[in-house]
Amino acid sequence: MIKGIPASAGIAIAHVFKHLIKDRSETYVVESQAIEKEKLECALGRALDQIHAIRIQAETELGQEEARIFEAHEMLLKDPEIIGKIEEGIKVGLGGPEAVGRAQDSFEALFSAMDNPYLQERAADIRDVLGRVRNNLLGQDGMIMQGRDEPVILLCHDLTPSDTAQMSKKSVLGFITEIGGAASHSAIMARKMEMPAVVGVSEIMDTLEDGTLVIVDGGAGVVIADPSQETLDSYRKKKRAYDQKKEALGKMKGLSSTSLCGRRVEIACNIAGPEDIALVLENDGEGVGLFRSEFLYMDRDSLPTEEQQFQAYKKVVEGLADRPVIIRTLDVGGDKNIPYLNMKEEMNPFLGYRAIRYCLNEEAVFMTQLRAILRASAYGKAKIMFPMISSIEEIRCAKAYVASAMAALKHEKIAYDTAIEIGMMIEIPSAAMLSDLFAKEVDFFSIGTNDLVQYTVAVDRMNQQISDLYTPMHPSVLRLVHMVIENGHKAGIWVGMCGEAAGIEALVPLWFAMGLDEFSVSPSAVLRVREQIRSFNKNTLGDLVDTVLELPTANAVKQRLRDVL
C-alpha cells in the first residue's frame, strides 16, 4: 500500500498507463536571434489557440468556474514580464526552448517559495503554460491520451490543468501523480469530474511499471499495486457500495431536510463565485451559507469595481431566487494574499492585519463592497456577514459602515433591502466567549470552524508536521460551539456553521443535537447531510450532547460519535 494525498474521492481499478514525454530538445537547432524570436511568436500564438480551445471545452464539460483557469492561462501568455524574461534568454544566445525553460524555472521557483498555499499552486499554471510553449517550439505533443483501447489509471510526474480538462472519463478512470496538492487546479477539476485521484506520491514513477494493475482509493489517498484477489474483491465491493450510495443520494433531491422528530434545518452551500450557482441547484442546496467574496478579488491585477461586484452578487441572488445568499465581506490576509493590495509581510499573518481588520481600515474598499451587496439585495435574499470579528467595537463599527452605505444609496434613490439581515462569523475564541453579547448586535451567527479550531488549539492548519493536533473534535472546540448555539438561541437569533466541520459525517449528529439551525457545506455534501438529518430522532441522539461534552479527549469523542453512526 502506497500513501499519497487524497485529491478526489472514489475508487478506480485498472492497469497503469505511464505517461512519459520524449524530449526532443537535443535535436533542436538554434538559429539567429531574429528567427528564434519569430519561432517564439509562432509558438505563443499556437499556445493561445490551444488554450482557447481547451477553455471552450472546459466551459461545456466542467462549467465556467473551471474554465476561468484557462482565462488566467491566456493572461499569462500575454504577460510582458514573462515574455520579456524569455526574450532576454534569446538575446544572450539561447534557443527558444531553453529560454522558455529557464523562464519557467525562474517563475516556478518564485511562486513555490511563497507562504500562501493558493499562490504556491500557481506554480503549476506557469508549468502548464510555458511547458505548452516549449512543446510547440520542439514540435512535440503534450497531449497524453491518444487512442487508448481500454480505460486506464493515468500515472505521471505531474498533471497540468489543461491535461486534466482534456481527459475523457471513458479513457481515464483515475490518476496518480508524484507532485501536486489537494488545492491544485487538477485536483479541483478531478473532483468536479468525480474522477478518483491521489497526488503527491513521491517517486512512484520509478516504482510502478507500465501496465501494472492498481487500485486507487482517492478518498483515503491510497494506491495499491498488484493487489491480491482478496484485496481486489474487497475493493470491488467497496466501489459498488460507493457507487450505490451515490446513486441513492440522488433520491434526496426535493425532499425536506427534516428529522424523524420533526425538526427542520437548512442545508446551504459554500461557494466562491457566480459560476457555482449551477452546483448549488444541481445538488439541491437550500441557499448559500457562505459566498467567499474574496475570490472576486483574486486572479486579477486591480480591485473589482462596485459595478463588477454588484453584477456578480446580483447573478447569484437572482439565480437562487427565493433562497438566501449570505455574502461574507472581503476576507483577505492570512492564507489569502492578494498581491495588488500590497499588504506588508507579517510574522504571524493569521493573527495579523486581515479580514475585518483590513476592511475597517480601508474605507473606500469596504464601502464599495457594501454598496454592491446592498444593491444586489434588491433582487433576492442577500445577507451580509462579517469575518474575523473579535470585539464588540468591531461589529458596531462594521454595522456603522453598512448604515452609511444605506444612507448614501437612499440619497441616490438606489433600491436595496432595508431589512437586510446582518450577521457575523464566530471563528475566534473571544467571539465565542462573548457570544451572549454579540447575539444582541446581529441577526445571526455562522460558526467558522476552520479558524475556530486553529485559534482554540493553537495549531496552524497549514502545518503538516502538527496536522494530527488540528481537529474539530477537540473537547474545547465542541464546548465553544455548544456555547455559541445556546447563546444565539437565548437571544432569539439563528445559528449556522460554514466551516469544513459542518459536513463531517461523524459530527453532523452532534451539531444537530446541539440545535444548529443551518449547515453550510460544499455542494457535493448537501444530499449526504440531508440523508443523515432525515434519519435522526430523539431516541437515537438521546443524551449525546451531555455525554460528548464530558469527554476529555478528541479520540474519546471520535469513538463516541463512531458508535452513534
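Predicted model: local features only at pLDDT ≥ 70, side-chain atom pairs only at ≥ 80, totals over all residues.

Modeller: Residues are numbered from 1 along each chain as its sequence is written, and side-chain values use heavy atoms, with hydrogens and water left out.

Biologist: How does the radius of gyration of the protein chain agree with that of a compact globule, and what does the chain span?

Modeller: The radius is taken over C-alpha atoms, and the globule rule is 2.2 Å times the number of residues to the power 0.38. For 565 residues a compact globule would have a value near 24 Å, and the protein chain, with 25 Å, agrees. The C-alpha trace spans about 75 × 65 × 40 Å along its principal axes. Buried residues (under 20% relative accessible area; exposed is over 50%, partly exposed in between; 1.4 Å probe, protein chains only) make up 53% of the protein chain. Of the contacts (heavy atoms within 4.5 Å) between residues at least 6 apart in sequence, 68% join residues at least 24 apart.

Biologist: Which strands form the closed barrel, and how are they paired?

Modeller: Strands of a sheet pair through backbone hydrogen bonds, either parallel or antiparallel. Here two strands count as paired if DSSP finds at least two bridges between them. Helices (H or I, at least four residues) and strands (E, at least two) are DSSP runs, numbered from the N terminus; the protein chain has 23 helices and 16 strands. The closed barrel has 8 strands in the order 9-10-11-12-13-14-15-16, with parallel pairing. From one strand to the next, the twist averages 30°. Axes are lines fitted to C-alpha atoms, for helices over the stretch in contact, and angles run from 0 to 180 degrees between N-to-C directions. Helix 13 (residues 363–376) packs on the sheet, touching strand 11 (324–328) and strand 12, and its direction makes about 155° with that of strand 12. Helix 20 (residues 526–533) lies across strand 9 (266–271) and strand 16 (518–521), at about 160° to strand 9.

Biologist: Which way do the residues of strand 11 point, and how is the strand bridged to strand 12?

Modeller: In a regular strand the side chains alternate between the two faces of the sheet. Pro-324, Ile-326 and Arg-328 point one way from strand 11, Val-325 and Ile-327 the other way, and all are buried. Strand 11 is joined to strand 12 by 5 bridges, with Pro-324 opposite Lys-381. Towards strand 10 (residues 288–292) there are 3 bridges, and Arg-328 is the bridge partner of Arg-292.

Biologist: How many disulfides does a search of the whole structure find?

Modeller: A disulfide is a covalent bond between the sulfur atoms of two cysteines. With the criterion of a pair of cysteine sulfur atoms within 2.5 Å, the search finds 0 disulfides. For Cys-359, the nearest cysteine sulfur, that of Cys-397, is 11 Å away; Cys-359 is buried, with a relative accessible area of 0%. The sulfur of Cys-498 is too far for a bond, because the closest cysteine sulfur, in Cys-269, is 13 Å away. Cys-498 is buried, at 3%.

Biologist: Where is Leu-360 placed, and with which residues is Leu-360 in contact?

Modeller: Leu-360 is in helix 12 (residues 356–361) and is buried, with a relative accessible area of 19%. Leaving aside neighbours within four places in sequence, Leu-360 is in contact with Phe-366, Glu-394, Cys-397, Ala-398 and Tyr-401.
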